[in-house]
Amino acid sequence: MRRSNLPAELNRFVGRAGERDELGRLLGEFRLVTVVGMGGVGKTRLALRCAAATEKRYGDGVRLADLSALRDPGLLEHALAEALGLTDHTSRSPRAMLAEHLAELRLLLVVDGFEHLVEECAPLLRELLCRAPGLTVLAAGRRPLRVDGEAVFTLTPMSDEDAVELFAVRAAASSAREAAGRPEAVRELCRRLDGIPLALELAAGRLPLLTVEQVLHRLDDRFRLLTDGARGALPRHQTLRTAIGWSHELCTPEERLLWARLSVFAGPFDLEATEYVCGGAGLPPERVLDALGGLLAQSLVVREDTPAGPRLRMLDTVAAYGAEWLAALGDTERMRRRHRDWYMGLATWCELEWFSPRQAEVAAATDAALPNLRAALELCLEQPDDTHLALHLAGTLWFYWAGCGRLAEGRHWLDRALAAEPEQTAPQGQHDARLKPLWVLGYVAILQGDDTAAVAALHECGERSRRAGDRVAQAYAKHRMGCLALLSDDMPRAEELIRQALDAYRELGELNSNVLMGQVELAMTRIFQGDLEGAVALVDEVREICEERGERWTKAYALYVLAYAAWTRGDHGEARGLLAECIAIDHVFHDLVGLVLAVELLALVTASEGDPAEAAVLQGAAAPVWDSVGLPLFGSAYFSGPRELCERQAGEVLGPERYAASTSEGRALSLDEAVDRALAGRRAPAVGARGTRTPRPFRTGVPETRKPAGSPTVTGGEAAG
């Protein structure tokens with residue numbers, strides 16, 4: 001995990017020196033500091049600036065949790081886990097996982113935009129602060145949290161000097177340099193806008209078209225209308241609303257319509273989404289780009305860079321104003337449905353493209369779209385007649401839940417969608433909307449170690465698919481039951497079920513990442529039953545198909561099996577190379593199960609190469625990852641082999657004290673540091689370390705269902721990740 005996930009500043013921070021000093025002082029005295037103030041006053045910007053300036057105080061860094069786009073209170077804990085860079089594959093509550101993770105850290109958590117979730121946010125932060133003595137929280141919102149020990153910092157509008165400087169800087173950035181020659185007019189404009197930063201930025205965005213005097217004159221007309229000519233100042237929140245309304249009036253009709261329609265987006269959006277969702281009556285799709293350019297030029301929409309490429313976002317205060325206009329037009333529900341339809345289409349495209357060279361791009365695009373996918377799921381669940389769409393969308397996103405480390409959130413949506421949809425039996429031959437989400441839920445529950453829920457979901461899927469005559473769903477249910485048997489050490493049963501599923505896939509013409517992962521899982525059952533050659537043949541075919549199709553996620557598990565085979569042959573260099581590629585892929589996709597298994601096998605390879613100290617470091621680095629994954633090695637005797645052998649080999653050479661010190665060094669590594677350490681290659685053996693011989697390959701014959709500890713370990717695939 002990086003020390004900080006704070007976004008880079010897109011333009012220069014101006015003024016607020018006194019406020020920064022005071023906020024920094026409060027952070028030194030209190031563990032919960034809340035910056036409160038009206039919309040547009042600059043709470044977020046100040047909090048982020050102060051967090052960056054004080055980062056060195058916190059040994060474990062600074063993390064930002066932006067809650068402004070979160071609409072479902074049930075996802076609050078997931079959002080904080082995401083902000084902390086946590087991936088939890090278990091079925092334990094996210095709250096327990098958060099408390100456990102934070103318990104030993106010295107970290108500053110910035111919580112922004114919480115006011116609409118204050119009833120849920122306050123008790124959660126109180127609990128985390130109580131259970132994590134090294135945690136400090138800097139919150140920013142329109143109201144206090146009202147938690148014991150909270151220091152409230154009320155942010156007021158800018159001083160005259162700061163306001164004038166901000167306006168001048170933003171005007172210069174808009175190529176409106178004539179503003180500097182009219183200091184009195186600028187000062188009067190800043191005064192009329194009450195020094196509210198957002199209002200000042202919106203006004204500065206108008207200067208390429210208007211002079212400062214013209215801006216001031218138009219604002220005066222609007223203020224006079226609002227006060228009915230009476231003396232006295234407007235309340236500051238009304239001043240901001242007036243400034244936003246004035247910006248709205250100066251927009252073209254198409255820009256105003258786009259502004260209103262953009263308010264349905266819950267987070268970052270791209271041009272294609274804008275054209276589809278917002279194009280239509282009054283705003284042809286081919287005119288959307290020009291209208292969007294106008295909103296960007298006026299700072300009503302901002303651009304931000306993401307791993308998926310550039311995205312656009314509308315500021316919350318501006319979006320709220322647009323939402324009111326959209327409601328006044330009576331078009332809110334239609335636009336929400338168009339928004340939902342776009343993101344359902346995006347999810348379908350991503351599922352198809354997951355089995356392609358664009359897999360990493362798909363993962364990044366789904367990440368960027370997550371707030372909007374959540375909004376789409378919420379809309380489906382709000383309408384009783386649309387719950388089948390929620391089932392479809394939650395099931396379609398299986399690749400994201402399972403392949404990108406989102407098991408807990410996937411479980412949340414799958415459970416909600418299945419609970420909302422009536423369980424009546426679909427007529428013979430008709431599509432049953434529950435089937436896909438049921439096998440996906442079974443898959444997710446298996447990976448979380450929740451066997452009871454997995455069996456219930458897969459059993460229902462199997463029964464319903466047989467009644468509906470849906471052979472594809474039958475195959476997936478059987479495949480996942482085989483996966484469960486694999487992790488339960490019942491190799492004969494696992495092999496039988498997975499073979500049956502693979503035969504059905506072939507007969508049905510089904511070929512995708514799931515199918516190939518099934519073949520990797522079949523290879524594991526063969527290795528555990530003594531057929532190393534047969535297992536290698538199976539994964540060689542998987543590797544070849546993956547390379548032809550550009551598929552990387554399943555390929556990583558095939559590489560793991562091949563690396564184990566190379567280790568048994570004593571070819572440590574080949575094993576290391578295969579594992580390096582495997583680890584790099586798993587890290588890209590946040591697949592912690594595949595990652596931790598590969599790191600543990602790499603530790604064994606390292607011990608066999610004669611570097612027991614480094615092997616112990618890698619073993620130590622794997623231990624915290626298992627905390628996020630769940631039961632180490634799934635409680636399986638088969639999966640325990642490499643770890644137990646490595647522990648025995650390295651421990652014998654190093655002795656208890658040195659072995660413990662090396663594993664402690666590994667435990668102290670962050671996930672990113674552990675991956676870097678693994679990919680850096682073997683260090684020279686420590687002075688005085690004896691080389692370790694490569695033991696004979698494990699005997700892999702299995703006379704009974706479960707083998708004793710120390711048996712060979714080859715694992716991968718969806719069973720493992």
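Analyst: Strand β1 (residues 32-36) and strand β4 (residues 135-141) run parallel and are joined by five bridges, where strands are DSSP runs of E with at least two residues and helices are DSSP runs of H or I with at least four, numbered from the N terminus. The model is a predicted one, in which local features need pLDDT of at least 70 and side-chain atom pairs count only at pLDDT 80 or more, while totals for chains, interfaces and linings use all residues. Residues are numbered from 1 along each chain as its sequence is written, and side-chain values use heavy atoms, with hydrogens and water left out.

Within this pair of strands, Thr34 has Ala139 of β4 as its bridge partner. The two strands belong to an open sheet of five, whose order is β2-β3-β4-β1-β5 and whose pairing is parallel; two strands are taken to pair if DSSP finds at least two bridges between them. At the edges of the sheet lie β2 (62-66) and β5 (150-154), each of which pairs on one side only. From one strand to the next the twist averages 20°.

Helix α1 (residues 17-29) lies across β1, β3 (107-112), β4 and β5, contact meaning heavy atoms within 4.5 Å. Relative to β5, helix α1 runs at about 175°, an angle taken between N-to-C directions on a scale from 0 to 180 degrees, with axes as lines fitted to C-alpha atoms, for helices over the stretch in contact.

Strands of a sheet pair through backbone hydrogen bonds, and they may do so in a parallel or an antiparallel way. Strand β6 (residues 301-306) and strand β7 (residues 309-314) take the antiparallel sense, with six bridges between them, and Val302 stands opposite Arg313 of β7. The link from β6 to β7 is a hairpin of two residues.

Arg287 makes a salt bridge with Glu254, and their closest N and O atoms are 3.1 Å apart; the term requires a side-chain nitrogen of Lys or Arg within 4 Å of a carboxyl oxygen of Asp or Glu. Because Arg287 lies in helix α13 (residues 285-297) and Glu254 in helix α11 (residues 253-262), the pair ties together parts that are 33 residues apart in sequence.
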